[in-house]
Amino acid sequence: MTIAMSRRALLGAATLLATPAIARAQAAPRTLRVGNQRGGLRSLLEVSGLARDLPYRIEWSEFPAAQPLLEALNANAVDLGSMGDLNFFSVYSSGAPIKAIAATRSDGASQNIVVRGDSPIRSVADLRGKRIAAARGGWTHYSLLTILHKAGIPFSDVRFAWLLPAEAALAFRTGDVDAWSVWEPYTSLEVLNFNARVLADARGLTPSASVLAVHNDALTQRREQLLDFVRRNARGWAWAQGNRDEYARFTAQIIRQPVPVIQRAYEVSQTRAVPIDDALVREFQTAVDQAQAWGVVPQRVTVAEAVDQSFSRDLGA
């Protein structure tokens, strides 16, 4: 056998040996890297049974809030995550390579202003001159401004304390702030465990929506997995509507909160999956334009460019 023939034989043998490995790699399910906030997507899919029999593997990463999750998404450290609509649009407006592919909507009562049970504040008008805690740049920053605006209170007539929930809860309970613009389940925790009162809520004032946002690389490289995840997410929320108590018990155990708190939060929120259709895009645009004018969103956003409506169409929405 010549040297050339020997080389060809060795090359052929190597190719045959490599083929099964290549085939296994191609056939193996791909990994979807999902960012999760405690008691969020993971809890919903696991308790509903929709995390079973996946045709791909989910690599979960846990985040304490939307902002660090969005930072990870922007850095392509995760493929997918869920967050409030204005949190998403704020980061998108800064040039982040992300898009929203699905949405859920909660009742506007899930965003509200609370005061302590013994507070003399009895109406929104009583907030003049008071110090109000809120998280900057998201749902309850915007809902707080819409509630004040509706009541005819200039923003300069109140003092804002920009605090994340853990800091805001301490400041609220100790009296360092007079009111707190907050969302569920924090509201239910304050009402049931600390005797707080709901002063006003955002019903009819905001979209009260969250989005599933993806990095643009995942959008082009993992569409099949993303579509399956969106489908399971929608089915999970439909399941949750009919199994709210079971869902609340499961989530309460994960986030270590009393079951009644989570039950109340879910009753108030009434969260359900909704399509990103033209009507929602218009509603988002109105809210984002106002949020940008008030400085909640740093730059103007063209919502139609920030979302991918094809997932809703593919799901038959």
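The largest cavity holds about 60 Å³ of space. The structure is a predicted model, and its count of cavities of 30 Å³ or more comes to 1. The lining of the largest cavity is formed by Trp237, Ala240, Gln241, Arg244, Tyr247, Tyr266, Gln270 and Thr271. The greatest share comes from H9, which provides 3 residues. Sorted by class, the lining comprises 4 nonpolar, 3 polar and 1 charged residues.

The description now turns to the nonpolar cores. The largest nonpolar core contains 36 residues, of which Met83, Phe88, Phe89, Ile98, Val301 and Val303 touch the most other members. At least two residues of this core are supplied by each of the following: helix H3 (66-74), helix H4 (85-93), strand E4 (98-105), helix H5 (139-150), strand E10 (209-215), helix H12 (278-293) and helix H13 (303-306). Among the contributors, H12 gives the most to this core, with 6 residues.

When neighbours within four places in sequence are left aside, Ile98 is in contact with Leu70, Leu73, Phe88, Val91, Tyr92, Val214, His215, Asn216 and Ala306. One of these partners, Phe88, is likewise listed with Ile98 among the residues that touch the most other members of the core.

Note on methods:
Residues numbered from 1 in each chain as written. Predicted model: local features only at pLDDT ≥ 70, side-chain atom pairs only at ≥ 80, totals over all residues. Heavy atoms only, no water. 1 Å grid on protein atoms, 1.4 Å probe; cavity = no way out; pocket = protein on both sides within 12 Å on 5 of 7 lines; lining within 4 Å. Points joined across faces, edges and corners; volume = space filled by probe spheres on them. Helix = DSSP H or I, 4+ residues; strand = E, 2+ residues; numbered from the N terminus. Nonpolar A, V, L, I, M, F, W, Y, C, P; charged D, E, K, R; others polar. Core = buried A, V, L, I, M, F, W, Y, C linked by side-chain atoms within 4.5 Å. Buried < 20%, exposed > 50% of the residue type's maximum accessible area, 1.4 Å probe, protein only. Contact = heavy atoms within 4.5 Å.
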